[in-house]
Amino acid sequence: MTQSVIVQVGQCGNQVGCRFWDLALREHAHVNKKGQYDEALSSFFRNCTSGALLTYLHPQAVLIDMEEGVVNGILQGALREVFDSAQFLTDVSGSGNNWAVGNLTYGSAYKELIVDKLRKAAEHCDCLQCFFLIHSMGGGTGSGLGTRVLSLLEEEFPDVCRIVTAMYPSAEDDVITSPYNSVLAMRELTEHADCVLPVENQSLVNIVNKISLMSHGTKPGSVLRKDSAVTSGQGSLSPTEKPFDAMNNIVANLLLNITSSARFEGSLNMDLNEIAMNLVPFPRLHYLVPSLTPLYTLADVNIPTRRLDQMFSDAFSKDHQLIQADPKHSLYLACALMVRGNVQVSDLRFASPTPTDPKMTSTFLLSNNTPIQQSFMTLRSFNIFLLLSFQAHLHHYLHVDGMDQSIFSESLSSLNALIDEYHHLDATKARLLPDAPRLSIAR
Amino acid sequence: MSVVTVQLGQCGNQVGQQLCDVMWSDAQHAEGKTYSSVSCERFFRRTSQGDFEARAVLIDMEPKVIKHSMNKAEKCGRWRYGETSHFSQKQGSGNNWANGYSVHGPRHRDALEELVRREVEHCDMLAGFLPVMSVAGGTGSGVGTFVTQCLRDAYPSSFVLNHLTWPYGTGEVIVQNYNSVLTLAHLYQLSDAILVHENDTVHRICSQLLKIKQISFNDINRVIAHQLGGVLQPTLTPDSCGTYSRHPVGIDWQVRPPPASAGRTGSLAAGSFNTSLANLLILRGKDVYSAETGAFEDSAIYTSWLPPEEAFSLWKSPVPFNKYEKSATLVSNSQALLRPLDDMVRKAWNMFASRAYIHQYDKFGISEEDFLDSFTSLEQVIASYSQL
């Protein structure tokens, strides 16, 4: 069994990360009734007892933030006993929503300490397969220091897969420099990550609203089954949910799903390094659009059980995606469908509907498809607009030691090149390509 | 004479376990005592405590499936795998043939060879090896090819009969066609014979003939094991003089095509029968001695430069197989696989045209050149079969 380490950076990264640990513990508790440390647990948790019964489960995680608010919350919250203080790296003043401060200032100041903590986490692993990095793109710490951590991971552990869950800002983001931070971070992701799962706040908001509508709906009998929504904290200990909890739960569910095959047994297992292998045809085109179904399960027994083919079509629709990129009329470079629950391999072949217990089945789709360029293009256009109109904000970046204008232009070029690569592939789909002429053998 | 089964990768270990089970049931319930003991000797050995252990080694780059197969065998209580007859690592091959062939294989060469050697030492007389693997993934295909090469080098006078499972055409793994092309091109040079089962075909058997509603991989593997059992269990061959043939698969396909096959441009869509190079029909059970098999010697189904008497072999065993009153198995070296092979090469070639995923192989040492060599090799095979 291989192990993975989660590295959560910044306010958003740590909030999502903690939702993940909370849900993972509940999921394992549900499956592992005896409370014994088993292989499934070992993929993300370290056992810190001497006996067979676990009394201390340590998540394999490194938590980094340049201000103390969120981390203090964790240390006082429900998960306080689960983490070891050595896993934390904090500072007090924050990065001021400035990628350069996060990446260059703190990046240099804390480089040795970060590498040290990463090494310690890796040493506890028998066979380390993957680093999961969680951070937002729009701020300063997650975006700047997060991407610095990414490049350190590549330097120190080149053979270990790096999967990044990156939260992209929506158009109405309240941080005015978020497009700058995002573009600067994008370049790092394109160059140093093996796979990126981009998640857009706007999509998360849409999904939360959709579920909310459903649960407060006026349709008689259409009641949501308790704790079945992807947004539910499954009875988390805090009585009132904080504002971003529902959205963070979706992302946490995403991570739970992507790692489930590595943690539990299945008839056709998919390893994490197989995800990278199958979904990344060209090294830079490693942005995978995630999509989850079902979003919720209806408790009403009169409504017919959801059919598998319905779930599959939902998975491919834009309402279930975690990023705003219309998959219709798009070119799919590759996609992977992961199904959890009471399904047989044969169900996946035929179009005939196989009724299935909705509480037992969920589908998770990762698509490497060309509409992602739309998101990147939005990012690019907004950024250019800012550069022209708000030159004033630039100097906050240029003041930072090690930062200069060329880094901006290089990041923009990288983004342009990436959009072009997707665009180029898109152009080919319009014409039906004939088979490539085969090698002819002398007879 | 004994056969050592080498189970490689997820599929290989799952199919292998079912195969051992089928062999065991058949041997134990067979009516003939000689048949029973020949079959047992071929695939199993007795420990000092009197238990039956399979003459098999289990190889995978991740531990889950081996553990499962070993437990399954243990649970049935009738036979089991040797406790130390397995080798696994923690991290798989990631569906990457290059990772299996160029990294895992060489890295663990000594351990793997030692594992096989220990099993071979238990054999009084070794007939040969049966590597069981899939072609779509990374370990079965990549490590499987590497291990086949090692077997070839270390035991030059033993036969190597590879059993391959071809994936569903619609794909379980995106890079399956690359992995398949690389495997087949290499095995072609190494293997004595390659027995193929295609998931699509077996799936059809399950749904149309066996009428199974929800087909699982377990069902597929059981059918494969059953068919393989029908081939490998003891039989009386024309030259074995009334005793069970010592060579389980004494297929002597030392066929050489005529030097100049000019003027015969084969077409893939020709005729109602696929042209055969050779056919082996195995009959088991009741009335085997009186069965009418003349149709199999019709020259129309064979290529023009082989007389049917040389191309057709008939083996018999009066002992029923797996409690079937009568059963027949046909092993055919013909154009039947031409279309699936051509499809596989075509899809792989189309993907290669855009160089998609090549960087994933390159980083483990398999370059574009290696791909081109493999494609050339398979086009040659396709051309040769087309011209039958």
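Guide: Relative accessible area, computed with a 1.4 Å probe on protein chains only, sorts residues as buried (under 20%), exposed (over 50%) or partly exposed (in between). The model is predicted, so local features need pLDDT of at least 70 and side-chain atom pairs pLDDT 80 or more, whereas totals for chains, interfaces and linings use all residues. Residues are numbered from 1 along each chain as its sequence is written, chains are lettered from A and ligands numbered from 1 in the order written, and side-chain values use heavy atoms, without hydrogens and water.

A salt bridge places a side-chain nitrogen of Lys or Arg within 4 Å of a carboxyl oxygen of Asp or Glu. Over all chains, 27 are counted.

In chain A, Lys120(A) pairs with Asp116(A) at 3.2 Å. Both belong to helix α5 (residues 111-123), four residues apart, about one turn; helices (H or I, at least four residues) and strands (E, at least two) are DSSP runs numbered from the N terminus. Lys120(A) is partly exposed at 45%, and Asp116(A) is partly exposed at 34%.

In chain B, Arg109(B) and Glu113(B) meet at 3.3 Å, again four residues apart, within helix α5 (residues 109-121) of chain B. Their relative accessibilities are 29% for Arg109(B) and 27% for Glu113(B).

Lys286(B) and Glu325(B) pair at 3.9 Å. This pair links distant parts of the chain, 39 residues apart: Lys286(B) lies in the loop between β9 and α10, Glu325(B) in that between β10 and β11. Shared partners join Arg45(B), Asp51(B), Glu53(B), Arg80(B) and Glu119(B) into one network.

Between chain B and chain A there are three salt bridges, including Asp342(B) with Arg438(A) at 2.8 Å.
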